[in-house]
Amino acid sequence: MSAMSKAKGFKKSKTGTYLSIGTTAFGAVSVLKQAKKARSENDTLRLIDAAVSAAAIVTGVALLLRELKRLGDDDVLLG
């Protein structure tokens with residue numbers, strides 16, 4: 001098995017999906033800092049950028065949670 005196919009297999013595993021959720025959620029910290037700074041500086045354009053980035057993070061996490069459900073995760077939080 002090549003390193004590339006191992007990486008693809010990990011990405012589609014439960015562990016890989018959880019790692020992706022954590023990484024995506026960690027990106028939210030940066031977006032929150034960006035939004036806070038934009039508000040304090042009254043920078044509407046940066047605030048809009050932060051809002052769009054936050055929407056992308058929410059969508060990304062939702063897609064990853066759906067993938068976990070598809071993988072048959074028994075986690076209580078996923079129903």
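Of the 79 residues in this protein, 15% count as buried. Keep in mind that the model is predicted. The exposed surface comes to about 6,100 Å², and carbon and sulfur atoms supply 65% of that area.

Now look at helices H2 and H3. H2 covers residues 14–40, and H3 covers residues 44–70. Their axes lie 9 Å apart, and the two helices pack at an angle of about 165°. That makes H2 roughly antiparallel to H3, because an angle over 145 degrees counts as roughly antiparallel. As for the handedness, the crossing of H2 and H3 is left-handed.

A couple of residue pairs let you follow this in the viewer. Start with Gly16, which is found in helix H2. Is Gly16 buried or exposed? Its relative accessible area is 4%, so Gly16 is buried, the cut-off for that label being under 20%. Gly16 and Leu68 sit 52 residues apart in sequence, yet in space their C-alpha atoms are 9.9 Å apart. For another pair, pick Leu63, a residue of helix H3. Leu63 and Thr17 are 46 residues apart along the chain, with 10.0 Å between their C-alpha atoms. Leu63 has a relative accessibility of 45%, so it counts as partly exposed; that label covers the range between the buried cut-off of under 20% and the exposed cut-off of over 50%.

Next, step into the loop between H2 and H3, where you'll find Asn42. For context, most residues other than glycine have a negative phi. Asn42 is also exposed, because its relative accessible area is 68% and the label needs over 50%.

Finally, the charged side chains. Side chains of opposite charge can pair when their charged atoms come close. How many salt bridges does the model have? The count comes to two, using a cut-off of within 4 Å between a side-chain nitrogen of Lys or Arg and a carboxyl oxygen of Asp or Glu. One of them joins the side chains of Asp43 and Arg46, with an N to O distance of 3.2 Å. Asp43 has 23% relative accessibility, so Asp43 counts as partly exposed.

In the other salt bridge, the side chains of Arg70 and Glu67 meet at 2.6 Å, again N to O. Where do these two partners sit? Both lie in helix H3, three residues apart, which is about one turn of the helix. Arg70 has a relative accessible area of 56%, so Arg70 is exposed.

How values were computed: Residues are numbered from 1 along each chain as its sequence is written. This is a predicted model: local features need pLDDT of at least 70, side-chain atom pairs count only at pLDDT 80 or more; totals for chains, interfaces and linings use all residues. Side-chain values use heavy atoms; hydrogens and water are left out. Buried means under 20% relative accessible area, exposed over 50%, partly exposed in between (1.4 Å probe, protein chains only). Helices (H or I, at least four residues) and strands (E, at least two) are DSSP runs, numbered from the N terminus. Accessible areas come from the Shrake-Rupley method with a 1.4 Å probe; for residues, only the protein chains shown count as cover. Axes are lines fitted to C-alpha atoms, for helices over the stretch in contact, and angles run from 0 to 180 degrees between N-to-C directions. Angles under 35 degrees count as roughly parallel, over 145 as roughly antiparallel, 65 to 115 as roughly perpendicular and the rest as oblique. A crossing is left-handed if the near helix is turned anticlockwise from the far one by less than a right angle, and right-handed if clockwise.
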